[in-house]
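Please examine the structure displayed below together with its sequence. The report that follows treats the chain as a whole and then turns to selected parts.

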Amino acid sequence: MTNYSRTTLRELKKRYLNILKKCLLANLMMFAFSLTAHSGTATDADSLMTELEKNERTVVETGTHLLTYDKTSSLYDAESDSIIFPSVEHTGYIKVQGGRLYNNADLTFISDNELIFKENKSILTNGQGIYGGAINNAGNLTFNAKVGFLENENSSNNWTQGTVHNSGTINFNNYVRFEDNISLPLKGTVYGSSVYNSGTMNFTSADFIGNYSGERKNPKGGQSAAIYNGAGGNITFTGIVNFENNQGWSSGLAVGGTVFNSGSIEFQQKVSFKNNTTTAPLGEYQAVGNFYNTGTGTAVFADVDFIGNEVTGTKSGTAGALFNTGDLTFKGVALFKDNKSKGPLAHAGAMYLEYGTTVFEKEALFLNNSAAADTSAAAAGAVYIGYKDSIVTFKDKVTFKENRAKGVTEAKGGAVFIHNKGCVLTFENGFHFSGNKEIIVVTDENGLITETEKLNDIYMHYGTIHIEGTNPNAEEYIGGGIRGTEERGTINKSSVATLVFGEESDSTGFTGVFNQTAGKTVAKSETFLGGTNNILGGELETHGSEILYTAVVGQNKDETTGEVLSSGTLTHLALGSEPVEIKGLSFKEEGTNLSMTFKSGTSERARYQINEDIMNATGNKLVFENSDVYVDGNKTLGTVEAKNSDIDVGTREISVDEIALKENAVLKMTVNSLAEHGKVNGVIAGTDTSKIALQLGMETESGIYQLFDRDNEVKTVGNPLFNIQDLEDGSFEIDKKTSEELSSSLSVGKNEGKALSAMMMRSAPNKEFKVVQNEVLEALQSEDKVTVENAKEALTALSGRSTSLYQSQATAGFTQLHNVVSQMLMNTAAPVFGHNGGEEPARASVYIKGLYDRVNSLTGDGFRMRSKGAVLGIQSAVTEDLTVGVGYAGVDTTVKNHFAEQKLKPTQGLSQRNINQIIGG
């Protein structure tokens with residue numbers, strides 16, 4: 001017999017009572033469970049706690065229950081400082097509702113320790129599917145404790161709906177984590193391997209890490225490895241949230257690998273999506289978005305990071321981070337970095353915004369995202385906007401940097417691709433595009449792979465871009481350029497800030513419409529937008545020497561006031577050797593009193609060339625400031641106003657309402673002959689008509705030789721070659737001097753005066769004729785100003801060659817004169833230009849005529865002579881009865897005999913007196 005001390009007996013008694021108590025509690029729990037199983041009734045919290053301690057499924061259908069757990073609980077695990085509920089393997093044939101817990105009552109868990117639901121398994125062998133691998137809630141479920149759902153598994157021959165399935169209300173009032181949960185349906189769809197919600201769920205902070213969903217045989221399905229929020233679902237996160245390393249896998253369509261939302265989901269603090277993947281590795285299907293927001297879905301983010309997320313499809317990869325057909329709002333800073341879409345066809349390394357609305361209220365950054373196609377095309381290294389209509393708005397600054405669209409057949413949009421007509425992209429406070437590239441991968445017949453890179457920021461298939469904002473300091477920078485489908489797409493700039501196209505940008509591939517109504521645009525590259533550029537207001541500053549653009553200037557008149565809303569300015573800073581072309585400039589037909597200003601933004605003058613008519617110019621104005629303007633061709637220009645500028649008409653004829661010469665402005669014209677001279681049809685006016693600045697010149701091989709110059713202070717009237725008469729209204733008449741006037745003014749002979757007059761005709765056809773002409777012009781240009789002495793020096797070069805300029809046919813002893821006409825008389829010349837343009841000049845003609853040719857017999861049988869040659873000349877009708885001109889005769893006279901052949905010089909037998917008589921006759 002064993003003897004026990006009193007102390008020992010008391011201890012045994014205590015143990016016995018505890019065992020008895022536990023047995024009684026166990027019996028009560030079994031009774032309560034039997035009631036629950038049969039009647040759906042749970043009577044108290046103690047029975048529920050006992051049920052949860054068992055390795056069996058717990059069902060709560062009635063009542064209000066508070067379950068409190070602390071370190072005294074039998075479920076407490078000291079190593080993890082948590083309450084770990086025993087795992088349950090729950091198998092169903094028709095459907096499985098909550099592998100560990102089913103709640104249709106009001107149930108609250110309270111604990112200072114984390115509550116762990118771990119390694120529960122829900123297995124469906126047939127029937128509908130699994131409603132919650134660990135918990136199915138149809139009532140009100142509250143956790144006033146940290147909660148963990150770890151390594152729970154759903155396995156079904158159909159679809160599954162979450163580790164936690166909620167159709168009621170769940171409140172996680174403390175931190176919750178979902179880690180390494182798995183959904184493996186044999187077919188069907190995974191509707192959130194961690195959370196399925198069609199009710200209301202409120203979270204504080206949460207982590208979703210390493211969850212996996214993989215379906216096998218449903219080509220129409222999709223899955224979310226973390227959260228599926230249905231059309232009626234509402235989910236709110238009030239704390240910090242993290243989604244990391246979640247994997248969505250599908251043999252068919254893989255959609256929303258991390259989050260699928262067709263209800264309402266809001267993140268009120270920072271949320272991160274890192275290294276999540278969506279994969280469709282089998283069959284001809286696509287992977288779409290790690291965060292998928294559908295047409296009925298509304299998603300709101302505070303600060304958010306999408307970093308290193310990836311989609312890979314065997315048909316296509318779309319949206320490495322986020323796909324939207326609903327409404328997205330980013331209330332905080334949004335960062336999209338290192339996201340990828342991959343597949344034979346690839347779209348949107350970061351975001352695919354198919355339709356719906358997307359609004360960024362704070363700064364957004366898209367860095368190093370990529371769309372990489374294996375065998376086909378890639379579009380949108382960062383953001384793809386709208387296969388259907390999509391509205392995207394950046395209210396604060398957005399940065400697109402180092403994004404890439406990499407394709408085999410083509411690549412479109414290094415950063416952004418805009419697809420549909422109804423798509424609208426709006427920037428309200430600036431943007432920065434730099435380093436974005438389109439990359440084409442080519443494999444040659446030897447298997448050598450080469451990549452061709454091209455800087456590009458935006459590709460517009462259709463759609464509209466609005467550049468808005470009232471912040472003058474907002475950065476608006478395009479570093480790589482814009483291109484698009486031919487004659488599609490519209491860009492509207494109404495911001496007051498400065499839009500800059502960088503030095504390496506090339507936007508000639510954009511052939512749509514650019515409308516600017518305010519602010520300034522600076523093109524630092526040698527090219528600009530290649531479409532129609534409407535400078536409706538503000539400034540356009542170009543730095544290239546060969547900018548070609550078409551602009552429509554002016555807005556429609558305001559229907560109420562009839563006033564013009566705006567005008568525009570083109571500022572040219574690149575002062576290259578070639579002028580900037582003003583090509584196809586036109587004013588809208590509806591607008592009058594519109595103005596377009598062209599000016600240099602530096603101390604040096606800009607250079608412009610008007611090479612096309614300015615359409616709808618009547619009633620509208622071109623203003624040139626600090627610029628040199630050359631009019632190439634006969635033009636209609638409306639009103640032209642010049643300030644510190646030269647307007648060079650050359651020998652062209654222009655029609656204007658008025659040429660208004662303001663401060664330091666000069667009108668330049670070229671007068672080469674009566675038939676070739678500049679002409680202005682319209683009013684020439686200035687602030688003071690006595691101070692209109694005019695320069696007349698003659699064209700030479702080395703440039704324009706100045707014949708007449710009158711600036712604002714000094715009139716220089718008079719010239720050896722032209723009579724220039726001031727008219728009282730500020731216009732001028734220019735007549736070429738007659739040969740007599742030339743002879744008199746230069747104190748030279750009449751013959752030299754006539755020769756000089758003839759040589760001033762640029763239409764003189766003979767090479768030798770032009771050689772002498774150039775010698776005269778060079779002499780005339782030997783001094784800064786033309787003097788009589790200069791002209792005499794020029795005539796010295798001429799006098800020794802007079803006999804070779806005007807020749808006649810001659811033979812030994814016989815002289816024949818053919819077709820030599822007299823001087824060019826200019827005293828009836830019409831004005832070159834004037835107040836209303838003046839009269840038309842006398843018509844001149846150039847002719848060529850063969851010389852007389854015959855054989856003459858001399859005394860003696862051994863001689864004969866043949867004369868041959870031609871006459872070149874110009875003539876003009878002075879009156880109805882008198883036509884005068886000047887000609888050049890060349891002759892070849894050969895005398896043959898039986899002994900020798902001798903070629904006579906053309907002047908042989910002529911004297912200077914004969915020549916004078918010939919020309920003056």
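## The chain as a whole

Among the contacts in the chain with a separation of 6 or more, 70% are made by residues 24 or more positions apart. The model is predicted. The chain contains eight helices and 93 strands.

Of the 921 residues in the chain, 51% are buried. The chain exposes about 39,100 Å², and carbon and sulfur atoms supply 47% of this area.

In soluble globular proteins, nonpolar side chains tend to be buried together. In this model, the largest nonpolar core has 126 residues, and the members that touch the most other members are F109, F301, M351 and F366. The element that gives the most to this core is strand β80, residues 653–661, which supplies four residues. A second, separate core comprises 15 residues, including Y196, Y292, A380 and F417.

## Parallel strands

An open sheet is built from six strands, in the order β29-β34-β39-β44-β49-β54, and the pairing is parallel. At its edges stand β29 (254–255) and β54 (411–412), each of which pairs on one side only. Strand β49, residues 378–379, pairs with β54 in the parallel sense over two bridges. Within this pairing, A378 has A411 of β54 as its bridge partner.

Which residues of strand β5 form the covered face, and which the uncovered one? In this strand, residues 89–92, H90 and G92 belong to the covered face, while E89 and T91 belong to the uncovered face.

## Salt bridges

How many salt bridges does the structure hold? The number is 19. One of them joins the side chains of E453 and K437, with a distance of 3.0 Å from N to O. This pair links distant parts of the chain, as E453 lies in strand β59 (residues 449–455) and K437 in strand β58 (residues 437–443), 16 residues apart. E453 counts as partly exposed because its relative accessible area is 46%, and K437 is partly exposed at 24%.

A second salt bridge connects the side chains of K662 and E641, at 3.4 Å from N to O. K662 lies in the loop between β80 and β81 (666–670), whereas E641 belongs to strand β78 (residues 635–643), so the pair ties together parts that are 21 residues apart in sequence. Is E641 buried or exposed? Its relative accessibility is 9%, so E641 counts as buried, the limit for a buried residue being under 20%. K662, with a relative accessible area of 25%, is partly exposed.

## A network of charged residues

D646 and K668 also form a salt bridge, and their closest N and O atoms are 3.3 Å apart. The two residues belong to distant parts of the chain: D646 is in strand β79 (residues 646–650) and K668 is in strand β81, 22 residues apart. D646 is buried, because its relative accessible area is 13%, whereas K668 is partly exposed at 25% relative accessibility. Both residues are part of a network of salt bridges that links R605, D628, D646 and K668.

## A buried serine

S272 is placed in strand β32, residues 271–274. Why does S272 count as buried? Its relative accessibility is 10%, and a residue is buried when this value is under 20%. With neighbours within four places in sequence left aside, S272 is in contact with V241, N242, F243 and D305.

How values were computed. Residues numbered from 1 in each chain as written. Predicted model: local features only at pLDDT ≥ 70, side-chain atom pairs only at ≥ 80, totals over all residues. Heavy atoms only, no water. Core = buried A, V, L, I, M, F, W, Y, C linked by side-chain atoms within 4.5 Å. Buried < 20%, exposed > 50% of the residue type's maximum accessible area, 1.4 Å probe, protein only. Pairing = 2+ DSSP bridges. Salt bridge = Lys/Arg side-chain N within 4 Å of Asp/Glu carboxyl O. Contact = heavy atoms within 4.5 Å. Areas by Shrake-Rupley, 256 points an atom, 1.4 Å probe, with all protein chains shown as cover.
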